[in-house]
Amino acid sequence: MLSPLLLAAARSERMRGLVTSMPLTRGVVDRFVAGDDLGAALGAVRELGRDGLDVTLDHLGEHTREPAQAAATRDAYLRMFEALDAGGLAGGADASVKLSALGQALPGELALDHARDICAAAGRAGMTVTLDMEDHTTVDSTLETLGKLRADFPWVGVAVQAMLRRSESDLRDLAGHGSRVRLVKGAYAEPASVAFQGRREVDRAYVRGLRLLMRGDGYPMVASHDPRIIEIASALAAGRPPASYEFQMLYGIRAAEQRRLAEAHRMRVYVPYGADWYGYFMRRLAERPANLVFFLRSFVSR
Ligand code: FAD
């Protein structure tokens, strides 16, 4: 019941104003977001690195309607690569990019051009880039952009959402040699016409996708906190070389499990940072009602 409401709130400007103006929200946001600025993100990367965890960094922002804002997002990524490189933190690191933050909804090829600049700079720093997947209306455009980027930067990866009915067919196209695919359940409210609605159906679709990826000769990125999924993925990966797949989790979620997995597998943590945390934060609340209780309790307990 709560999840659809929270996901609808994630797109509401009125709710954004309300939630972001509450002074006490910050403490809860900090559980999921590394900080407002690059310095905080670098601190998180160092700390995770000490525990043997790789990272993918996300400069928070989405649904950009202004070309200037899209350019500012690109520039933030360029600064991130420079800082990671200068700090000796770029090797093995990845950047997660939302094309909607780069102007995907704007006319022309602005988002593609910005993404090209980002990939070129990431490549110079020895990093990779993964395109986040947003709501279902953006999937065709994201996969089209991925194809264009991969012509020049074959290591660009993409997230695929198991909850979408189309994803199994997308995964068959994407599971080939050299591809990097991050399999996720899906974080957006989607209609039944395009997405499985029940947890079990989504989980089953995830496992089908996992089998496809693990059988293929690409690089599967298993992004889930679900213990059952992790168990199945570990079993499916047993025949693969250790460097041919990885696990991924979000910053602040199941931190002890992240460290445990890192002992036997490559483990990457998705580290979001930046001032535009609202949409990301609301999706994390929607994923787990207990997070909402925690959030509300922070007001009551003052
Ligand atoms: P669930 O069944 O939702 O959760 C399993 C268990 O994990 C829960 O019981 C709980 O213990 C824990 N858990 C899960 N979520 C939370 C939470 N928010 N807070 C606390 N505990 C939690 N989605 C997209 O649509 N596009 C993307 O590009 C994308 N990128 C992602 C990148 C990474 C690295 C990860 C890990 C997730 C990404 N997601 C993305 C989100 C994803 O789609 C799911 O919404 C999210 O991962 C929750 O699903 P789950 O597989 O963890 O399983």
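User: Which exposed residues does the face of H8 turned away from its buried side carry?

Analyst: This is a predicted model, in which local features need pLDDT of at least 70, side-chain atom pairs count only at pLDDT 80 or more, and totals for chains, interfaces and linings use all residues. Residues are numbered from 1 along each chain as its sequence is written. A residue is buried if 20 or more other C-beta atoms, placed from the backbone, lie within 10 Å of its own, exposed if 12 or fewer, and partly exposed in between. Helices (H or I, at least four residues) and strands (E, at least two) are DSSP runs, numbered from the N terminus. On the face of H8 turned away from its buried side, the exposed residues are Ser 169, Arg 172 and Asp 173.

User: Which residues of helix H8 are buried?

Analyst: In helix H8, residues 167–174, they are Ser 167, Leu 171 and Leu 174. They cover an arc (taken from the directions from the helix axis to the C-beta atoms) of only 65 degrees, which puts them on the same side of H8.

User: How are two packed helices described?

Analyst: One gives the angle between their axes and the distance between the axes. Axes are lines fitted to C-alpha atoms, for helices over the stretch in contact, and angles run from 0 to 180 degrees between N-to-C directions. Here helix H1 (residues 2–10) packs with H12 at about 180 degrees, the axes being 8 Å apart. H1 and H12 are therefore roughly antiparallel to each other, a term for angles over 145 degrees.

User: Which strand gives the most to the shell around the ligand?

Analyst: That is E7, with three residues.

Key:
Parallel < 35°, antiparallel > 145°, perpendicular 65-115°, else oblique.
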